[in-house]
Structures are given as structure tokens and as C-alpha cells.
Amino acid sequence: YEPPSYGSMSFDSYAFTDSTHLTIYIRNTGTKVLVIANAYIDGAGAGVSPTGYSLAVGEVHAYTITSASSISSGVAHQLRVVASDGTPLQISVVRT
């Protein structure tokens, strides 16, 4: 048995476009192609677009995260994205 091999990714930057939409720039810092599959804000499922995009090694790509409810300004929120192979990435984001 060989355990799953995860990739590696990092956030380059983010910006809120309004109270329910956030644009994030994700960089693939690993050695294999990643596909972002899921996003969560404070543990609640959020939409992610584009879906099915293959993020090449070394590439940076913009993704739009859509929250089901309004994101409060002035407080930190936990944003977590997960690739289809299970590779996770989490940061705190603040809407100003």
C-alpha cells in the first residue's frame, strides 16, 4: 500500500469584489497538476469557478469563490480550498 501523494499550492493574493464574491490567485508549488475541487468559507461550502481547470506546475490562476451568504467585513474568515487529490490550502481573509 502506498499512501496518496498530495501536491502543493499557495495563495498569491486575494480581493473581495463584493460581499459574496472573492477572487483568489492560487500558485501550484508542487510537482504535479492540480484541479481545485472544493472551497469553504468558515467551514461552509462555497462555489468555485472555473471548475475542472488543470493548474500546471508553477502556474498561477485566478479563481472566483462565491459564498452562499454575505461575508462580514472587518473580521477574519477562514478560506479553505481543496484540490481533487485532497491537497488542502487554508488562509485567513478579511473583507475591508
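Strands here are DSSP runs of E with at least two residues, and helices are runs of H or I with at least four, both numbered from the N terminus. The model is a predicted one: local features need pLDDT of at least 70, side-chain atom pairs count only at pLDDT 80 or more, and totals for chains, interfaces and linings use all residues. Residue numbers start from 1 along each chain as its sequence is written, and side-chain values use heavy atoms, with hydrogens and water left out.

**Stop 1: His77**

Select His77, which sits in strand β7 (residues 76–83). His77 is buried at a relative accessible area of 8%; buried means under 20%, exposed over 50%, and partly exposed in between, with a 1.4 Å probe and protein chains only. Next, show the backbone of Ser72: its oxygen lies 2.9 Å from a polar atom of the His77 side chain. This falls under the rule for a polar contact, a pair of N or O atoms within 3.5 Å; within protein, one must be able to donate a hydrogen and the other to accept it, and residues adjacent in sequence count only if both atoms are side-chain atoms.

Now display the surroundings, where contact means heavy atoms within 4.5 Å. Leaving aside neighbours within four places in sequence, His77 is in contact with Ile41, Asp42, Ile71, Ser72, Ile91, Ser92 and Val93.

**Stop 2: Ser67**

Move to Ser67, in the loop between β6 and β7. Is Ser67 buried or exposed? With a relative accessible area of 13%, Ser67 is buried. A polar atom of the Ser67 side chain lies 2.6 Å from the backbone oxygen of Ser69. Beyond four places in sequence, the contacts of Ser67 are Thr20, Ile41 and Ala46.

**Stop 3: the nonpolar core**

A nonpolar core is a set of buried Ala, Val, Leu, Ile, Met, Phe, Trp, Tyr and Cys residues joined through side-chain atoms within 4.5 Å. The largest one has 21 residues, of which Met9, Ile24, Ile26, Ile65, Leu79 and Val81 touch the most other members. At least two residues of this core come from each of β1 (9–16), β2 (21–28), β3 (34–41), β4 (44–49), β6 (60–66), β7 and β8 (88–94). Strand β3 gives the most, with 4 residues.

Centre the view on Ile65. Neighbours within four places in sequence aside, Ile65 is in contact with Thr20, His21, Leu22, Ile24, Ala39, Ile41, Ala46, Gly47, Val48, Leu79 and Val81.

**Stop 4: Leu89**

Leu89 is in strand β8 and is buried, with a relative accessible area of 14%. Apart from neighbours within four places in sequence, Leu89 is in contact with Met9, Ser10, Phe11, Leu79, Arg80 and Val81.

**Stop 5: charged pairs**

How many salt bridges are there? The count comes to 2, where a salt bridge is a side-chain nitrogen of Lys or Arg within 4 Å of a carboxyl oxygen of Asp or Glu.

Select Asp12 and Arg27, whose side chains meet in a salt bridge at 2.6 Å, N to O. This pair links distant parts of the chain, with Asp12 in strand β1 and Arg27 in strand β2, 15 residues apart. Asp12 is partly exposed at 38% relative accessible area, and Arg27 is partly exposed at 32%.

Then select Asp85 and Lys32, which form a salt bridge at 2.9 Å, N to O. Asp85 is in the loop between β7 and β8 and Lys32 in the loop between β2 and β3, so that the pair links parts of the chain 53 residues apart.

The whole structure holds 1 aromatic pair. Rings of Phe, Tyr and Trp (its six-membered ring) pair if their centres lie within 6.5 Å; planes under 30 degrees apart count as stacked, over 60 as edge-to-face and the rest as tilted. The rings of Tyr14 and Phe16 have centres 6.2 Å apart and planes at 90°, so the pair is edge-to-face. Tyr14 is partly exposed, at 32% relative accessibility.

**Last stop: the whole chain**

Zoom out. The protein chain has 0 helices and 8 strands. Its C-alpha trace spans about 45 × 25 × 20 Å along the principal axes. Of the 96 residues, 30% count as buried. Among contacts between residues at least 6 apart in sequence, 54% join residues at least 24 apart.
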